[in-house]
Amino acid sequence: MTQASWAYTDTVKEHFMNPRNILMDEDSYKEHGKGVTGNVKCGDEMIVVIKVDKEKGTIADCKWKTFGCASAIASTSVLSEMVKGMKLDDAYNLSAKDINRELGGLPDHKVHCSVLGDKALRMAINDYYVRNEMEEKVKKEEERVVCKCMNITDQEIEHAVLEGARTFYELQEMTKVGTGCGECEQEVTQLLETYKTKHFCEV
Amino acid sequence: MSPKGIYMDNNATTPIHPEVKRVMIETMDLFGNPSSLHVFGRQARQLVEEAREKVASFIGASPEEIMFAGSGSEANNTVLSAVTCQRKQCAYHQQGVNEIITSTIEHPCVLEASKCLQERGVNVLYLDVDQYGKVSLEQLRDLLTERTGLVSVMMANNEIGTIQDIKGIAEIVHERGAVFHTDAVQAVGRIPVNVRELDVDFLTLSGHKMYGPKGIGALYVKKGAPFCPLIRGGHQERGRRAGTENTLGIIGLGKAIEMRSQEIKSDEKRLLELKAALKKGIEENIPDVLFVGHPTDCLPNTLNVSFEGAEGEAIILYLDLEGIAVSTGSACATGSLDPSHVILATGLPAECAHGSIRISLGRENTMEEITYMIDTLPRVIGKIRDMSTVYRRRLQ
Ligand SMILES: Cc1ncc(COP(=O)(O)O)c(C=O)c1O
Ligand code: FES
């Protein structure tokens, strides 16, 4: 009998087994920016901290911690490697999709677990701007356009979820998101899950 | 044949007993339809009825009171769905039943069937459980009225192993003139169960939780209990469940039960020893753990434990990589983030529900395996806690 296939790719498995850049020395780490997201009650929480090379405007170091499942662990581990040396702007614009690609794909139902890392990273970058009197650079989460064709932002999606959308189809009905080229479907679906979890995780 | 590893997830399902396997392979060629009058049919009929007798005698019923079903889930659904029967001749209909009582910690097949009844206009009331997962007999007394037609409370819980006072519950239910069903899928074959002693009207059991085949269950229907078939269209099972019998499954279930009757006593003792060793090992080697479930009224094979600051699915997968199979109540692994409804019902915080694992032992587990588990688990929990946002907080 063949070994039953692991639901995750080898990369996910490898990062899960040997997670990189875990924040072990939290008190002495002296981060330049910090992001915390998720909620233990909903079964996941994420902390991402960064150090910034101020001359170059790049991320010099990135560490993290989580109360989360295998996908959260693996995706944040990958993310922490990807962003080192990356320009702050580029790091900010990384999407769950980019991380997912790096991981070689997650099972669909686990994708929602993987969006925590990049969200916490964006918060950490914003936090760095605030700490260094660069408030003007702080990007609001809701400013991110997710659907290029229809010009729909994540804030609008969040709003639709709050208004009762529970499926991609319902989101399309309410916002027209994803009715152009359709390329955004995966990311929108991820956002949908994130917002459902954020707002409707039953506790 | 079987994947290598240590299997400690016997509440999910159990490995087939070698004797059951032998008998099933031996009877594989028996293809006759038990309803046929010719010799092929008669042979099949005989073995089906022998199995029925074994099942009946194991739980103290008579053979006519045993109905085979396609699964434990089907047996449970059969009992619950009958409540809304609109046929004039149906006892429920005659009584004008519009209320049932169940508990908050039932298996999804009972909870979802209850929800469906609610949508069909039945009032569904839920018994709460205490911190150990026990329902309260006082609350049951309070909830029961003359409108109550059916009460369904599981005998032993699949996630935390807590065993209910079924006899006490049945007595109260009957005082009020209602009918009592218990889902004993996790109990039969693990602890002694006698339907006469307990005085239940319906009882569900399932083959694959007692080293028998999957896809076969049985429902005990007390003589005279109000019954309405879920599946119609044939005279099989005394008209209670249409469909040509799953002969091989029934024979396997019969053999599994026969083996249980021989092994249940010694198994129970051995499992209790293994579980005690495991519990002690965990307590001594891992700080900040919480055992969920009743300390004594608990299935001998089940240990549910919550590790503060460690997320359940991560624990399961790390253990899987170490060759140990256990499971979690938090359903993240199955696509939802909802924490275990059972652990939440005990009043423990959601973090506990997200961080708990269920270790359920079986007849094949050995003390060596327990030792391996005790060696492995602290490492896994330590690793997860090192990267945990929650555990960090606690240490500060
Ligand atoms: C308590 C309980 N009831 C019912 C069932 C369903 O039994 P089956 O798998 O035979 O449908 C299970 C098993 O998953 C169970 O644990
Ligand atoms: S980007 Fe949304 S439909 Fe094309």
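What follows is a chat about confidence, domains, sheets and helix packing.

Trainee: What are the ground rules, and what are the ipTM and pTM scores?
Mentor: This is a predicted model, so local features need pLDDT of at least 70 and side-chain atom pairs count only at pLDDT 80 or more, while totals for chains, interfaces and linings use all residues. Residues are numbered from 1 along each chain as its sequence is written, chains are lettered from A and ligands numbered from 1 in the order in which they are written, and side-chain values use heavy atoms, with hydrogens and water left out. The model scores ipTM 0.77 and pTM 0.86.

Trainee: What pLDDT does chain B average, and where does it stay under 50?
Mentor: pLDDT is the predictor's confidence in each residue, from 0 to 100. Chain B averages 93, with 95% of the residues scoring at least 70. The stretch under 50 has 14 contacts beyond four places in sequence (contact means heavy atoms within 4.5 Å), and that stretch is residues 331-336 of chain B.

Trainee: How far apart are the centres of the two domains in chain A?
Mentor: Domain bounds come from an automatic or database domain assignment. For chain A that gives domain 1 (3-137) and domain 2 (145-200). Taken over C-alpha atoms, their centres are separated by 23 Å.

Trainee: And in chain B, how many residues of each domain are in contact with the other?
Mentor: There, domain 1 is written in two pieces, 6-14 + 264-395, and domain 2 is 18-259. The C-alpha centres of domain 1 and domain 2 of chain B lie 29 Å apart. The contact involves 28 residues of domain 1 of chain B and 32 residues of domain 2 of chain B.

Trainee: Which strands stand at the edges of the 7-strand sheet in chain B?
Mentor: Helices (H or I, at least four residues) and strands (E, at least two) are DSSP runs, numbered from the N terminus, and two strands pair if DSSP finds at least two bridges between them. The sheet is open, with mixed pairing, in the order β2-β8-β7-β6-β5-β3-β4 (chain B). The edge strands each have a single partner, so one side of each is left without a neighbour in the sheet: they are β2 (66-69) and β4 (123-127) of chain B. The twist averages 20° from one strand to the next.

Trainee: Which residue stands opposite Phe68(B)?
Mentor: β2(B) runs antiparallel to strand β8 (residues 217-221) of chain B, and 4 bridges join them. In β8(B), the residue opposite Phe68(B) is Ala218(B).

Trainee: At about what angle to β4(B) does helix α5 of chain B run?
Mentor: Axes are lines fitted to C-alpha atoms, for helices over the stretch in contact, and angles run from 0 to 180 degrees between N-to-C directions. Helix α2 (residues 39-59) of chain B lies across β2, β7 (202-206) and β8 of chain B, at about 115° to β2(B). Helix α5 (residues 108-119) of chain B lies across β3 (99-103), β4, β5 (148-152) and β6 (179-183) of chain B, and its angle to β4(B) is about 145°.

Trainee: What is the bridge partner of Phe291(B)?
Mentor: Look at the open, antiparallel sheet of 4 strands, in the order β9-β10-β13-β12 (chain B). Its edge strands, β9 (289-292) and β12 (327-328) of chain B, each pair on one side only. β9(B) is joined by 4 bridges to strand β10 (residues 302-307) of chain B, where the partner of Phe291(B) is Val305(B).

Trainee: How do the residues divide where α1(A) meets α10(B)?
Mentor: The axes of helix α1 (residues 10-17) of chain A and helix α10 (residues 312-321) of chain B come within 11 Å and cross at roughly 100°. That makes α1(A) roughly perpendicular to α10(B) (65 to 115 degrees counts as such; under 35 is roughly parallel, over 145 roughly antiparallel and the rest oblique). Lys13(A), Phe16(A) and Met17(A) meet Ala314(B), Leu317(B), Tyr318(B) and Leu321(B). With Ala, Val, Leu, Ile, Met, Phe, Trp, Tyr, Cys and Pro as nonpolar, Asp, Glu, Lys and Arg as charged, and the others, Gly among them, as polar, the residues divide into 6 nonpolar, no polar and 1 charged.
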